[in-house]
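Let's walk through a protein structure together, one piece at a time. Have a look at it before reading on.

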Amino acid sequence: MVDTRNMPPEVQQVMTFYGQNYELIVDLEMPRQGAKRLIRPMGTPRICRFCKGAEPGTTFQSNAHTVPECVGNGTVLSPDECDDCNKRLSGAEDDFAKFTMPDRTFGKIPGKRGVPKIKSSTDAIILQIKEKTGALHIQTDHAKKATKVNREERRLTVTVPLQSYRPLGVYKALLKMAISVLPDDDLSSFDEALCWLRSDGVTQNVALPRVGLGCYRTIEASRRNDPYVLLLLRRRQLTTMAPYATFILSFGHWTYQIFLPSPKRDAHLEGQRFDIWAFPTRDIAKPMSPGHWATTEWVDFHSPLLRRVDQREFDLRYDSLTRLSPGPE
Ligand SMILES: [Zn+2]
């Protein structure tokens, strides 16, 4: 039980909202390294939870990661994701990987090939984490003014080049992760989501959550070390004015939260107004202590079109800054 007495009233309100209305049905803290394990026992024959295809007609040769390797999952596999579904959903997972790339670099999240290196197409800026020291190494062309330093406050602003991604693909990838960890007995609440996940591309048979196709993205001052965390919360009562289920993925400094589409379970929310808040992460729950802060924003994912945002500014605080080769200030 969390002690909410020292929290600001608005945080208490959100904690109470989730505590009263939701039960935690999946809580997984997963190590990045170690022996591979299955998220649930392997059935005989194996049946795909997405397309319902069964062995031997349907094949299960590939290692289907329950959440993508890029967020640090090297160990947890889904025994009930067939090769066809694994391949079909890889496009959306690619959108997710591109969208989260700077988060994973700054959060020092190692994927299959280490912490991702970010570089612009012209190599005007290259950002990478040095393996031995864990330091962020920035190579930049000063003419482009990609970095700004505030030595008094020990702050560094970096303009980071981004890769293009489809916002709707990012949502679809998060939904796939949520459905992958869902207990078997609740799959029937998500027929529309399963139909979307069985469809090619991102625009066929889109399942709409009542709160919209988007997510809460929270960034916290403190970095989550190994492991990353997955949570799935389900509404306790049939008629509470809140979405049926919500999925939360935390890694590094970041937390992503989506609300799952379930027209069957959320029929009573149709045309109604209701309040919803981001799930309180560790730093939201501890904003009174020094050094803890968190900011949350709603990110819209409804567009299926390739989003070509060139760059995003990141405001970093540093302990020490070393200029490796002299250049103009
Ligand atoms: Zn399948």
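Which domains does the domain assignment of the protein give? Keep in mind that you are looking at a predicted model. The assignment gives domain 1 as residues 1-30 plus 166-305, domain 2 as residues 32-88, and domain 3 as residues 99-163 plus 312-317. So two of the entries, domain 1 and domain 3, are each written as a pair of ranges.

Now zoom in on domain 1 and domain 2. Going by C-alpha atoms, their centres are 23 Å apart. Where they meet, 15 residues of domain 1 are in contact with 15 residues of domain 2. On the domain 1 side, at least two residues each come from helix 5 (167-181), helix 6 (191-197), strand 9 (214-235) and strand 10 (245-259). Strand 9 gives the largest share, with 4 residues. What kinds of residues make up this side of domain 1? You'll find 11 nonpolar ones, 1 polar and 3 charged.

Next, let's turn to a sheet. Here's a bit of background: strands of a sheet pair through backbone hydrogen bonds, either parallel or antiparallel. In this model, 3 strands make an open sheet in the order 7-8-12, with antiparallel pairing. Strand 7 (147-150) and strand 12 (311-317) are the edge strands, as each pairs on one side only. If you ignore direction, neighbouring strands of this sheet are turned by 15° against each other on average.

Finally, follow one pairing up close. Strand 7 and strand 8 (residues 155-161) run antiparallel and are joined by 4 bridges. Find Val149, and you can trace its bridge partner in strand 8, Leu156.

Note on methods:
Residues numbered from 1 in each chain as written. Predicted model: local features only at pLDDT ≥ 70, side-chain atom pairs only at ≥ 80, totals over all residues. Contact = placed C-beta atoms within 7 Å. Nonpolar A, V, L, I, M, F, W, Y, C, P; charged D, E, K, R; others polar. Pairing = 2+ DSSP bridges. Axes fitted to C-alpha atoms, helices over the stretch in contact; angles between N-to-C directions.
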